[in-house]
Amino acid sequence: MSALPFSTSRAPTVEAPFRLDRIWRYRELLRSLIIRNLKVKYQRSLLGFVWTLLNPLLTVGILVLVFSHVVRISLPDYWAFVLSGYFVWNCILQTLNTGTYIFAEHSRLTRSVSFPSEILVFSAAGSRLLEFLAEIVLILALLVAFRHHHIPASFALLPVLLVIQVLLVIGLALPIATLSVFYYDVQHALPIALTTLFYLSPVFYPAQMVPEAARSIYFLNPIAGLLTLYHETLYAGHMPSPTLLVGMLAGAFLVYLLGYGIFSRYASVFPEIA
Amino acid sequence: MAFSLATPAFSPKSPDRARAAAVELRGVSKRFYYYEHRTSSLREWFIRRVLQRPLNIRRAEFTLRNLNLRVAPGESVALIGSNGSGKSTALRLIAGIYQASSGTIKTQGRLTAVIELGAGFHPELTGADNVSLYAAVLGIGRRELSSRYEEIVDFAQTREFMDTPLKYYSSGMEARLAFAVAVCLQPDVLLLDEVLAVGDQLFRERCLSRLREYHASGGTLILVSHEIDQVRELCSRAVWLEHGVIRMDGEVGAVLTAYSANDPSQNHRGAR
């Protein structure tokens, strides 16, 4: 952090980075912003949610086509495998991209009203997550109808996976948004980083295909762990290993705390800069 | 000279807190770093940190220096001064938007700052949606808003347009709606930064009478304005800022006379 060529004008008040009480006090604003995000996106669109589904579905289609007929990955119901991971990836990708411009977009607001500005990141993650919930319901229905033919018990684990996903997304989006306030370079660098991460995460191939020797490094990427959890609970329909589940919960919480900490360090100067 | 000359008025809204100041600034300084690399890049970081060459990235400048200001509940205070004297910065510090570089700031009760009218407005949303969004931005809950909604719409006189997206509003209508939300939500302390220049003559008259009403019912008002007549009409006390320090603080007539006698154009400095 000290590498950044700026500092806050005084030592920041180090509050607990887990400031849910602040968020709770501004829950009305969070709710309003989430509703606003969704309204602005959907109110003048006839097909609305269809567009939100179409893009990732098309990608899933292409991935399935290429990796089951050209580069052959032999997994039973390969479409179900891609489907249970790709939408998670898509949700993370879009939220992180929003982080690069969210404070610039709301600079009038942060300059004229005092409120915890992390609410903006929370609201972006929140509205995207609501869309994700609608998507996942559809995916579950498809998986039950065409793959499992019954509802696997592991589906009950979904809320835990969502918690991990929220912690990870916010924990990554906050420092990205913070850095974007100071450097416009982030907008250019992030897509490159995310493209790299796409290939380093088990989106179109299972993590088991990664060589044993490289796996400990491979799983340093928290998204790899999250996607593996989704594959096991949704696609395979069995309980994931408790080690992975608990490890991911702890890891995601750590990412959240770190991300929030970085944000808190610099948040007080946003109104002067963004 | 730094402290209030006016006797503290008693607020009928909070008699128990009448002795505590509504707003109190003690030794407040604000130093800005001018980020000249604001739109720039990692290149400069590289030059500084990796090549270890000096690069004049920022310079710091005091915008406010050792400001002491005590505003009693129910007082109406105007901040005057030429451009760049630190009025808006002082208001943003009181509102908690900026953090002071040193000193302490205390406020009592609910504070609403109107620095830019309609800062939370979104052009694609309807007037009604924008009212609830702006209220949420100002920290007002849904229940409280619904009890004030009619009053807001009446005051803004935009009733037939409440279901129309804001982008079809005229700029005057938009400003009226924003101002209506801010004043109808009954803050204990209201901060206004040159936002009284909105709407037509008639609406401005109604704004002024609304503010007088607010003040009469015990509300505290801190106003930044360049319009001498407005200041004289609304405020009993004026604080004259110059180059970030208080030049004069006292009864509105005396301060305005001294301020007008001093040619304000000679003090022009950059914006902030």
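Is the crossing of α7(A) and α8(A) left-handed or right-handed? Before looking, note that this is a predicted model, in which local features need pLDDT of at least 70 and side-chain atom pairs count only at pLDDT 80 or more, while totals for chains, interfaces and linings use all residues. Residues are numbered from 1 along each chain as its sequence is written, and chains are lettered from A and ligands numbered from 1 in the order in which they are written.

**Stop 1: two helices of chain A**

Select residues 118-148 of chain A for helix α7 and residues 158-182 of chain A for helix α8; their axes come within 10 Å and cross at roughly 135° (axes are lines fitted to C-alpha atoms over the stretch in contact, with angles from 0 to 180 degrees between N-to-C directions; helices are DSSP runs of H or I, at least four residues, numbered from the N terminus). The crossing is right-handed (the near helix is turned clockwise from the far one by less than a right angle).

Now show side chains: Phe122(A) and Leu129(A) are among the α7(A) residues that meet α8(A), where the partners include Val166(A) and Ile170(A) (contact: C-beta atoms, placed from the backbone, within 7 Å).

**Stop 2: domains of chain B**

Colour 1-110 + 187-272 of chain B as domain 1 and 122-185 as domain 2 (bounds from an automatic or database domain assignment). Nine residues of domain 1 are in contact with six of domain 2.

**Stop 3: confidence**

Colour chain B by pLDDT, which averages 82 (the predictor's confidence in each residue, from 0 to 100). Residues 1-18 of chain B fall below 50, as do residues 266-272 of chain B.

Notes
Contact = placed C-beta atoms within 7 Å.
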